[in-house]
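Have the sequence and the 3D view ready, and try each task before reading its solution.

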Amino acid sequence: MENFTDATHPLKVVLQLHVATDVAAAQNLPYLLDVLSSQCLAPSPHLPKWTARINSLLHSKQVHGRWAGLCLAHKTSLHSKSVMIENAQNWLGIALPNLSRKESEQILVASINLCRIIFCSASDIPEFQRQVCTPNVPKFTAAMLALFERDECSHELKILLLRTLTKTVSSYSSIHRSSHALLSTLCLKFLDGHAPTPTHADVLQAASRLYATLPATGGKVGATNLWKKCLDDTLAFGWNALSLLQSVLLPSGNHPQMEQPHITIPLNVDRLRCYVTIIEYLFQSDIQRPVQIPIGPLVAFSIALLTLNNEERKTADHVDVNIQIIASSVVSDVWWTGCNLISSVAFHARQLLTPQAPRLVSCLVYHLERNDTYCRRLPYLKALESLLTYTLPLHSEATANRIARAMIPLISVVLPLQSELESKDAAQQNKGKRKKKRGAGFEGDEIFKTSRDFLFPSAQDGEVVLAVCRVLSVILRNPSINPATHSICFRVLLSILLFLPQKSPSSISPDVTLHRSLLQQVQDVTMELASGTTNTMSKTLAIVLKAVESSSNVDALIPELLLHPRVPPLVRSMPHVETLSLFHAEESSEEARIRESFGLLAVSPEAATTVASQAPLEPPAPVSLPPQNVALGPLQTAPVPHAHSAPTDGDVPMIDMRPAPVKQQSFKLPEPAPIRASTPIIKQTPPGDEEDEAMPSIDMNSDSD
């Protein structure tokens with residue numbers, strides 16, 4: 001704590017210079033709110049003068065003076081609990097009547113903030129709660145409920161009122177037991193959907209959080225029943241909204257046609273979004289006793305949301321074109337709402353959702369296999385990641401392999417296209433030709449280029465590729481993955497690990513941090529896949545070493561992978577050959593069939609030799625060659641292909657498993673010297689090894705004994 005002298009005390013300076021008049025207090029309010037701290041409001045001779053000045057501002061006849069007094073009282077209550085307790089009764093006597101009078105919005109906001117900090121910051125003092133809070137909290141709640149009925153209540157004021165009610169109800173739940181019906185009606189008024197524009201996100205979150213807090217008003221025993229009733233009512237409202245959408249998509253004689261589909265359809269879609277948000281906040285509500293989660297109804301509702309489609313609508317005899325267009329435009333929103341519900345249920349139910357996980361995973365993989373834009377797959381990937389992370393591993397081999405195969409096309413967009421590699425090879429072949437016409441390029445042309453090609457142009461595209469890496473990291477741990485599928489996933493990830501450092505961060509995305517995040521994700525997955533038996537580590541040692549070089553903090557897993565002094569290598573089982581097929585020559589027929597089905601091409605060893613032979617010959621330099629059974633080369637010297645957003649017709653991603661050509665260097669292995677027949681080959685025996693020494697010959701014609 002700072003020791004202020006009487007001449008330099010902040011409160012003395014503030015009282016003399018900044019709050020001398022009501023106008024000066026309002027003008028200097030931003031500076032005062034920044035200067036005031038707990039050290040300034042420590043007990044001192046100037047503190048009573050400060051509280052007296054605040055009281056005089058609160059009774060000012062000018063609006064800006066009262067506003068400055070409310071703000072300064074709120075700031076003082078935050079930093080000095082003793083001052084707040086001493087003056088709370090007087091400040092509440094001024095702030096609470098402001099809510100009932102017709103005041104400006106600035107006065108209302110300042111009064112609400114002051115009352116909230118007084119009621120919620122001294123909950124550990126029973127006498128203060130008995131004398132100050134208990135008599136005034138019901139008045140404060142009734143005044144806030146009356147503010148919603150005013151026509152001049154703005155959007156920001158409604159959000160503040162909902163958040164303040166949530167804080168007040170959670171702190172004084174027993175006092176609000178009689179107001180449960182009014183608060184529930186108020187919440188459902190905001191959560192009943194809005195059309196044609198959807199409900200604002202801040203209003204939706206504030207109202208859902210307040211609705212999820214209301215079960216606490218029932219006490220320890222009744223809170224569980226109220227929570228269960230709120231969840232059942234929300235599911236019933238959700239089924240009603242979904243049935244109305246199904247009546248539009250699947251018309252029959254029992255469902256009447258809608259008079260205003262352009263209002264009804266968006267309204268019910270927004271209602272579904274509101275009800276799913278309510279369920280998410282109900283899972284986060286503070287209930288003192290355990291509750292039973294209805295997993296079966298929640299899973300059934302989620303599957304109904306994910307399986308809603310408009311395919312059968314086209315088979316009807318009469319189809320309204322306007323209704324068909326509106327319904328088709330909102331189906332994807334309903335699917336995304338189902339994904340959000342699955343993510344929330346999986347996060348809170350965790351292993352209890354394991355029996356229902358295969359059904360949900362199948363629905364999500366079906367949507368991932370559909371032809372859709374890249375950024376629109378993000379909700380399905382997030383829901384799939386939540387299911388695979390928080391539930392037990394899938395026991396179905398077909399489902400696990402289907403997930404892994406669905407991830408390959410989404411992650412392979414990082415690899416270069418066939419046309420790009422062919423254009424690079426053609427440029428290298430024509431590089432040494434004479435009389436070649438140079439392109440009409442000028443220095444600084446990139447300044448006038450208005451558009452740039454990014455691999456992931458939007459932020460959602462970057463989130464999609466990161467989510468794919470996380471899903472692959474989880475699903476490849478499943479022992480039910482087919483060896484061929486596991487191998488092709490590892491080869492694609494290893495190709496990305498070799499290719500990605502050659503790309504500049506500015507060519508990947510407008511967000512330059514995506515390149516580092518993606519490279520770190522791929523390194524983590526490949527290093528986890530590389531950890532296995534000693535034979536596997538001998539082939540993937542370069543991956544671990546590369547991860548050690550690129551990572552700032554070495555994880556504890558890396559030394560564990562490199563050092564095994566007490567574990568003999570033969571204790572662990574040997575891996576299958578299919579899991580180590582990192583080269584084109586070791587590829588099995590099943591793996592080649594999977595690779596070709598995704599449009600992936602593998603570079604043959606002959607092509608790698610041809611590219612390596614095109615490098616200029618110079619005197620060899622003493623460098624260390626990489627192991628011949630690991631396709632890792634100097635990544636920083638390889639040519640950088642152009643960025644691309646998606647494969648076009650005729651272009652397929654390339655799995656380049658060859659080492660990258662080294663710039664300005666060439667290596668030539670020494671040829672073995674010819675062995676002549678007349679030259680004897682003598683094996684030199686190391687000293688001290690007497691067991692392998694040859695026996696001398698014995699001359700039988702010798703006269704010696």
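A salt bridge here is a side-chain nitrogen of Lys or Arg within 4 Å of a carboxyl oxygen of Asp or Glu. The model is predicted: local features need pLDDT of at least 70, side-chain atom pairs count only at pLDDT 80 or more, and totals for chains, interfaces and linings use all residues. Residues are numbered from 1 along each chain as its sequence is written, and side-chain values use heavy atoms, with hydrogens and water left out.

**Exercise 1.** Find the salt bridge between Arg-470 and Glu-385, and work out which helices it ties together.

Step 1: The closest N and O atoms of Arg-470 and Glu-385 are 2.9 Å apart.
Step 2: Arg-470 lies in helix H20 (residues 459-475) and Glu-385 in helix H17 (residues 378-390), so the bridge ties together parts 85 residues apart in sequence. Helices are DSSP runs of H or I with at least four residues, numbered from the N terminus.
Step 3: Glu-385 counts as buried, at 18% relative accessibility, while Arg-470 is partly exposed at 28%. Buried means under 20% relative accessible area, exposed over 50%, and partly exposed in between (1.4 Å probe, protein chains only).

**Exercise 2.** How many salt bridges does the structure hold?

Solution: The structure holds 13.

Definitions and conventions
Helix = DSSP H or I, 4+ residues; strand = E, 2+ residues; numbered from the N terminus.
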